[in-house]
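Open the model in your viewer and keep the selection tool at hand. This tour goes stop by stop, with something to select at each one.

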Amino acid sequence: MPTDTHDVAVTVNGTLYRRQVEGRLLLSDFLRHDLLLAGTHVGCEHGVCGACTVLFDGAPVRSCLMFAAQADGHEIMTVEGLAADRNHLHPLQQAMRDCHGLQCGYCTPGILMTMKAYLDETTAPDEAQIREALSGNLCRCTGYQHIVEAMLLAAKRMNGSAA
Amino acid sequence: MSTRSFGAPIRRNEDARLLSGQALFVDDVELPGMLHAAFLRSNVAHARIRTIDVSAARARAGVVAVYTAADLGAYWAPGPLLVPPPPIKGAVFNQRTQVPLAKDKIRHVGEPLAVVLAQSRYLAEDALADIAVDIEPLPAVVDLEAALINPSATVHDDVRDNVAAHVWQGRGNYAAARAKAARVIARRFHYDHGASSPIETRGIVANWDARADQMTIWDTTQAPVFLRNGLAAMLGLGERQVRVIAPFVGGGFGPKIMLFYPEEVVIPWAAKTLNRPVKWIEDRLEHFFATTHERGQTHDAEIALAADGSILGIKDVFLHDTGAYNPYGLTVPINSQCTLLGPYVVPNYDSTFTAVFTNKTTVTPYRGAGRQHGVFVIERLLDIAAHELNIDRAEIRRLNLIPPDAFPYNNEIIYQDFAPLSYDSGNYEPILDKALEMIGYRQFLAEEQPRLRAQGRHVGIGLACYVEGTGIGPYEGAKVQVQANGKVNVATGIGTQGQGHFTVFAQIVADQLGVDVIDVDIVTGDTDQFYWGAGTFASRGAVVAGNAVNEAAKAVRQKILKLAAEHFECAEQDLEIKNGEVSVVGVPGQAVKLGALALKANPMRGAVKPGSEPGLESTQYFGPSGGATASGVHAMIVEVDPQTFTLEVRKYVVVHDCGTVINPLILAGQIHGGVAQGIGNAFYEQLVFDEAGQLLNASLADYLLPTALEVPHMEIAHTVTASPLNPLGIKGAGEAGAIPVGPLFAQAIEDALGLLEKKVELNEIPLSPNRLFELTAKLR
């Protein structure tokens, strides 16, 4: 049975949650099963596939490699925080739809969060830079080509230079 | 709708849900009182079980139950044979199927021995450590040849020679053809496929509702209808008491059509026994052992050629690793045997295979499903033949292509769907020409390669041809219904794992019923929404279910026109359906919305006429008489670093013919993803087993899926040869991208390093930097 519990107060997508968690509870499980924010997906639980990527104080992290207790006092953004609802997509999401950048959609939340952090910093990346930035996220369906096209399009749109 | 949506690059209906994190996957199902399962799995490949003591695990706080095979009682039984052997004369098939929990014997690492049900997955996994297993280890059967010739052990005690199957097929007279040949080339080839590794692993949630006498199961399956039928029978329930939902599924690629996995048998039983919802989600480590693979074959093949390079005949004898069990019958090796013939005229063929039981995870189809292995053999034989006969690699292929006037072309052997291997239609030479033009074949060989070689660069070119039997039966069905809100609902029995069914089926319906694509709602993979069906496999969803959707939409269109003609008191031919309403041509203002007609078709008063049905609804089925054969050519220019043997793919082109195209954007995605998996198979992914049957690289850090840096930009072009076997003229496209990549890599790397001139051939897949270093050792 739980040998240690921790009180955590964590802000996710702008909402403050207070919970008591077991020390070993993974942040990914906490988000998915305690907070019922199931948009964050788990693919490997060893930090390779990137599907569980969330923004932790603005930086992309693999939520399967962190404990929920480590999130105490921090701010997290998940895929649910990108857009108000499915009829008002974030430019990244819209570009993914326009370019057919997803198939089964399972890796997609992690890719969106990784690339959000990247495009927030890099406003006019080229294809090689996009591929480098994407290379920590595995996708088994798309062969990446349409994702790369989507990110180039999103960068343009977010930079206001084209559409 | 004034423009046809069929054939247009329509954006997907399903994307908004997936992009906003609101699509339901199996692990998202949360039910009150739900228990969580963890399986104790064997850590040895082969052993007899003496005892399994679960008493300490049962006593652990938070644990509700622990079961072994003994606890399953009469429920314990080997799984069914999913695909019986095709009716091939003389075929030997020894059926040995997987069991829910190992009872007397362990046959591969990862085979489940016990299951713990606890209040959380964390607690369930804690309790696994409490279980004491006493076993008698046995030597593992790992190597295929040793398994047959000098077996260290037998995987199944009553199959003394480890032979799972033995099959001969052929046509003509190979010996006579060989006697006339100007050249005979014989080689040994080894082709190893791998693990499909969808980013979502498998999972299942079962909920037994005792008050309603209903079982609901959410499962990451590609075949929900078969799963429902089988589980109903096992659980002693009627099919109508079991509802299987395959919600959004995070990639399938074949292994998710395998059933019944042990977990699929155990979890619903536990839910019913305990009267509690139960969830099990496979972790990545489990996935490497517990989800089926598609692994290796060793081919001893020879080709008999005339002096001009014409194929006189091919003889092939191969071994196929089927793993510990063979529930999927002969599908994979039969595909290898059939697809080896490719787009070529092979007048004499003599092919024998032996499927071998080993102490490894069971082998079932994974994207390509054995076709890769056959394509590798024929393409490599042609490359070596071209070199030895001093013929251009493209020209030896062109010389042997089946001519366009030879279709339907019968290869006279039996395919996986039990029908003769007959190609319905095709026109292969324009595909080859287009690929050569796009890759710049002549210019590369004449100018670019010599120029770069003079600079000390190691660049090479390759091309590979293939055919793919797609769209096989038996059938699929669809129900199309116009709803009162004017939207159209479509239900079909297949499951979806990212193929864009929510969009391509909507495109078909939109054109028939004059509505916008976004106003067509598709339901897949819910057995309560559509009762009948087979599943999503063998590149058949768009072909078989797509045509069923089209037939049902056509029938609803007739109902709409009939009812509207009565409404307007006019002839049906005076009506047009467009923008969600029916109007009388040339009479402004005379229009009725489809939703209003749907209400009218289901009146509250009055009488529905005898012989008619309420509603604007139709259910139709489609079963093709045979598979539709797609074809294509891939070509690639690669640069190899001669020190590190790392690769840079400088150009990659795919020219593909899958008949009529429904949505070119979605089709391109299917091809891209297939090529990426092909590249993984060719150069990065390898399941490495030791002599004890232990998988040594069971993590995504060690089993390397290609990233955005390994998969190049691809250029895609299409030719269209419609299939005569279905009204829409479609051929399947799901697997094509993955099939010819192995031989393409081998050929292009050989060319880049000039290996054939140095008498080094790359006759195995996967390759890797390490393996290239080893294979070229004699050159240093």
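## Start in a sheet of chain B

Select strand S15 (residues 311–323) and strand S16 (residues 349–357) of chain B: they pair in the parallel sense over nine bridges. Zoom in on Asp321(B), whose bridge partner in S16(B) is Val356(B). Keep in mind that this is a predicted model.

Now widen the selection. The open sheet has seven strands, ordered S4-S8-S16-S15-S14-S9-S30 in chain B, and its pairing is mixed. Go to the edges next. Strand S4 (92–93) and strand S30 (764–765) of chain B stand there, each with a single partner strand, so one side of each has no neighbour in the sheet.

## Past the edge strand

The peptide bond between Ile765(B) and Pro766(B) is cis, with omega about 5°.

A cis bond also joins Gly473(B) and Pro474(B), again with omega about 5°. To find Pro474(B), select the loop between strand S19 (459–470) and strand S20 (476–482) of chain B.

## Glu685(B)

Return to Pro766(B) and look for a contact partner, Glu685(B). Glu685(B) sits in the loop between H18 and strand S29 (715–718) of chain B. Is Glu685(B) buried or exposed? Count the other C-beta atoms within 10 Å: there are 21, so Glu685(B) is buried.

Show its contacts beyond the neighbours within four places in sequence. They are Gly194(B), Gly680(B), Tyr703(B), Leu704(B), Leu705(B) and Pro766(B). Take Tyr703(B) from that list: 18 residues separate it from Glu685(B) along the chain, yet their C-alpha atoms are 5.7 Å apart.

Select H18(B) itself. This helix has 21 residues and spans 29 Å from its first C-alpha to its last, close to the 30 Å expected. Of those 21 residues, 18 are buried, so H18(B) is largely enclosed by the rest of the structure.

Bring chain A into view. Here 46 residues of chain B are in contact with 45 residues of chain A. Which elements give two or more residues to chain B's side? Helix H1 (15–19) and helix H18 (664–684) of chain B do. The largest share, seven residues, comes from H18(B). Colour the chain B side by class: 22 residues are nonpolar, 15 polar and nine charged.

For the complex, the predictor gives an ipTM of 0.97 and a pTM of 0.96. Chain B has a mean pLDDT of 95, and 100% of its residues reach 70 or more.

## The domains of chain B

Colour chain B by domain. Domain 1 covers 198–290, domain 2 covers 296–400 + 407–472 + 625–779, and domain 3 covers 473–622. The centres of domain 1 and domain 2 of chain B, taken over C-alpha atoms, lie 35 Å apart. Where these two domains touch, eight residues of domain 1 of chain B are in contact with eleven residues of domain 2 of chain B. The domain 1 side of that contact has six nonpolar, one polar and one charged residues.

## Strand S10 and its partners

Select strand S10 (residues 203–209) of chain B. Six of its seven residues are buried. Look at both of these pairings in turn. S10(B) runs antiparallel to strand S13 (residues 278–281) of chain B, joined by four bridges. There, Gly203(B) has Ile281(B) as its bridge partner.

S10(B) also pairs with strand S11 (residues 214–219) of chain B, in the antiparallel sense over six bridges. Find Trp208(B), opposite Met215(B) in S11(B). Four residues lie between the strands of this hairpin, and Asp213(B) takes a positive phi near 60°.

## Two last stops with positive phi

Pick Glu569(B), in the loop between helix H16 (541–568) and strand S23 (575–578) of chain B. Its phi is near 50°, positive in a residue other than glycine. Glu569(B) is exposed, with 7 other C-beta atoms within 10 Å.

Finish in chain A. Asn13(A) lies in the loop between strand S1 (5–12) and strand S2 (15–22) of chain A. Asn13(A) has a positive phi near 50°.

Terms used
Residues are numbered from 1 along each chain as its sequence is written. Chains are lettered from A and ligands numbered from 1 in the order in which they are written. This is a predicted model: local features need pLDDT of at least 70, side-chain atom pairs count only at pLDDT 80 or more; totals for chains, interfaces and linings use all residues. Two residues are in contact if their C-beta atoms, placed from the backbone, lie within 7 Å. Ala, Val, Leu, Ile, Met, Phe, Trp, Tyr, Cys and Pro count as nonpolar, Asp, Glu, Lys and Arg as charged, and the others, Gly among them, as polar. Domain bounds come from an automatic or database domain assignment. pLDDT is the predictor's confidence in each residue, from 0 to 100. A residue is buried if 20 or more other C-beta atoms lie within 10 Å of its own, exposed if 12 or fewer, and partly exposed in between; C-beta atoms are placed from the backbone. Two strands pair if DSSP finds at least two bridges between them. The expected span of a helix is 1.5 Å times one less than its number of residues.
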